[in-house]
Amino acid sequence: MIAALAAFVAGAWLLQQQAELPAVGVAATLAALSAAALLRVLAERDSAWRRVALVLVAIALGASYAALRAHLRLADELAPADEGRDVRIRGVVSSLPAQLERGVRFEFDVEAVLAPPIRVPARVLLAWYGADASVRAGERWELTVRLRRPHGAANPGGFDLEAWLLERGVRATGYVRAGRAAAGAVPMRIDPMVWRPGYAVERARDVL
């Protein structure tokens, strides 16, 4: 069992070393075949062949699982045509706001897209500039925002912003539209606190 678990992890690691992901159909087919092979191997009597086969199947399962998870994460994206558009969204401040020179930056879990009806990733990173920029972790807001797909410098050995955002599940960045220049874009706080475990932890950090 330990060898099989190690092989599963090795399969996921091997997938991470590839220059590009296999097509989702290929990954799904490999996962199905690997699962069927696993059931067949588990039904065999214990032998050296069975142990080798179990390791090989576990590697294939790990690679296909990692590929499908990657496709699922990458599918949650903002369409290029929707970059730079004003979008009204409702959601929850999901991180401790970071103070900027002229505002705050925070992660925002999107619960609903109010207008226009476009696809917005489930989590976005927002900046809110201005004297009225004040939010706390766990608050539910309606905001008008302008978003773009994650972009970052790709200098060798430097900080990889896109990878960092992907690790945190952030699939778009942008800023809050507010003030006279954004008619009808008035931010509205809907709930002072949404009591879920993750939000409660971030609010406790805020209090501290």
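**Exercise 1. Determine how the axes of helix α2 and helix α3 are placed relative to each other.**

Solution. Step 1: in this predicted model, the axes of α2 (residues 24-42) and α3 (residues 48-75) come within 8 Å and cross at roughly 150°. Axes are lines fitted to C-alpha atoms over the stretch in contact, with angles from 0 to 180 degrees between N-to-C directions; helices are DSSP runs (H or I, at least four residues) numbered from the N terminus.

Step 2: α2 is therefore roughly antiparallel to α3 (angles over 145 degrees count as such).

Step 3: the residues of the contact (heavy atoms within 4.5 Å) include Leu30 and Leu38 of α2 and Leu54 and Leu61 of α3. They divide into 17 nonpolar, three polar and one charged.

The model is predicted, and local features need pLDDT of at least 70, side-chain atom pairs pLDDT 80 or more, while totals for chains, interfaces and linings use all residues. Residues are numbered from 1 along each chain as its sequence is written, and side-chain values use heavy atoms, with hydrogens and water left out.

**Exercise 2. Identify which helix gives the most to the lining of the largest pocket.**

Solution. Step 1: the largest pocket holds about 440 Å³ of space. A pocket is an open set of points on a 1 Å grid where a 1.4 Å probe fits, with protein on both sides within 12 Å along at least five of seven lines; lining residues have an atom within 4 Å of a point.

Step 2: α3 gives the most, with seven residues.

Step 3: by class, the lining has nine nonpolar, two polar and four charged residues.

Technical notes
Helix = DSSP H or I, 4+ residues; strand = E, 2+ residues; numbered from the N terminus. Parallel < 35°, antiparallel > 145°, perpendicular 65-115°, else oblique. Nonpolar A, V, L, I, M, F, W, Y, C, P; charged D, E, K, R; others polar. Points joined across faces, edges and corners; volume = space filled by probe spheres on them.
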